[in-house]
Amino acid sequence: MRACTKNIDEVKARIAGLKGKALSVSVNKGRKKTVDLDGFIADVFPSVFTFRAGDELVSFSYSDVICGDIVIRA
């Protein structure tokens, strides 16, 4: 098992700071499947944040970022 290097409060603060900026997100769907999305963080909530890529609105949890299933690049 991999040790956590980030605190959930640090991740929430970092994502809140990126709200509204143009970003690229890579989503690990499992079994060597990844999806790349270009867009921006639309809203930040206590448990999840939403990402708008074109007409598509997707929600992610902060734990996905900590585990490495979601990679955010500016």
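Contact here means heavy atoms within 4.5 Å.

Before going on, a word about what we are looking at. This is a predicted model, in which local features need pLDDT of at least 70 and side-chain atom pairs count only at pLDDT 80 or more, while totals for chains, interfaces and linings use all residues. Residues are numbered from 1 along each chain as its sequence is written, and side-chain values use heavy atoms, with hydrogens and water left out.

pLDDT is the predictor's confidence in each residue, from 0 to 100. The protein averages a pLDDT of 89, and 93% of the residues score at least 70. Confidence is highest in β3, at a mean of 94, and lowest in α2, at 89. Those labels come from DSSP runs: helices are H or I runs of at least four residues, strands are E runs of at least two, and both are numbered from the N terminus.

Now, the strands. Two strands pair if DSSP finds at least two bridges between them. How many bridges join β1 to β2? There are 8, and the two strands run antiparallel. L23 stands opposite G39 in β2. β1 and β2 form a hairpin with 2 residues between them, and R31 in the turn has a positive phi of about 50°.

Next along, β2 and β3 pair in the antiparallel sense over 4 bridges, and they make a hairpin with 3 residues between them. Here D43 stands opposite T50 in β3, while V44 has F49 as its bridge partner in β3.

Then comes β3 with β4: 6 bridges join them, and they run antiparallel. Our opening residue is back, as F51 stands opposite V58 in β4. These strands form a hairpin too, with 2 residues between them and G54 in the turn at a positive phi of about 70°.

So what about the inside? In soluble globular proteins, nonpolar side chains tend to be buried together. A nonpolar core is a set of buried Ala, Val, Leu, Ile, Met, Phe, Trp, Tyr and Cys residues joined through side-chain atoms within 4.5 Å. Buried means under 20% relative accessible area, exposed means over 50%, and partly exposed is in between, using a 1.4 Å probe and protein chains only. Which residues touch the most other members of the largest nonpolar core? Of its 18 residues, they are I15, F49, F51, F60 and I72. At least two core residues come from each of α1 (8-17), β1 (22-30), β2 (33-44), β3 (48-53), β4 (56-61), α2 (62-67) and β5 (70-73).

Let's visit I70, in strand β5. I70 counts as buried because its relative accessible area is 4%. Apart from neighbours within four places in sequence, I70 is in contact with V25, S26, V27, F60, D64 and V65. For contrast, look at E10 in helix α1: E10 counts as exposed because its relative accessibility is 51%.

Now some rings. Rings of Phe, Tyr and Trp (its six-membered ring) pair if their centres lie within 6.5 Å; planes under 30 degrees apart count as stacked, over 60 as edge-to-face, and the rest as tilted. The structure holds 2 aromatic pairs. F49 and F60 form a tilted pair, 5.8 Å centre to centre with 50° between the planes. This pair links F49 in strand β3 with F60 in strand β4, 11 residues apart. F49 and Y62 form another tilted pair, at 5.6 Å and 35°, and Y62 sits in helix α2, 13 residues from F49. Both F49 and Y62 are buried, and F60 is buried as well. Together, ring pairs link F49, F60 and Y62 into a cluster.

Last stop: charges. A salt bridge is a side-chain nitrogen of Lys or Arg within 4 Å of a carboxyl oxygen of Asp or Glu. How many does a search of the whole structure find? It finds 1 salt bridge. The side chains of K19 and D43 meet there, at 3.9 Å from N to O. K19 is in the loop between α1 and β1, and D43 is in strand β2, 24 residues apart. K19 is partly exposed at 43% relative accessible area, and D43 is partly exposed at 35%.
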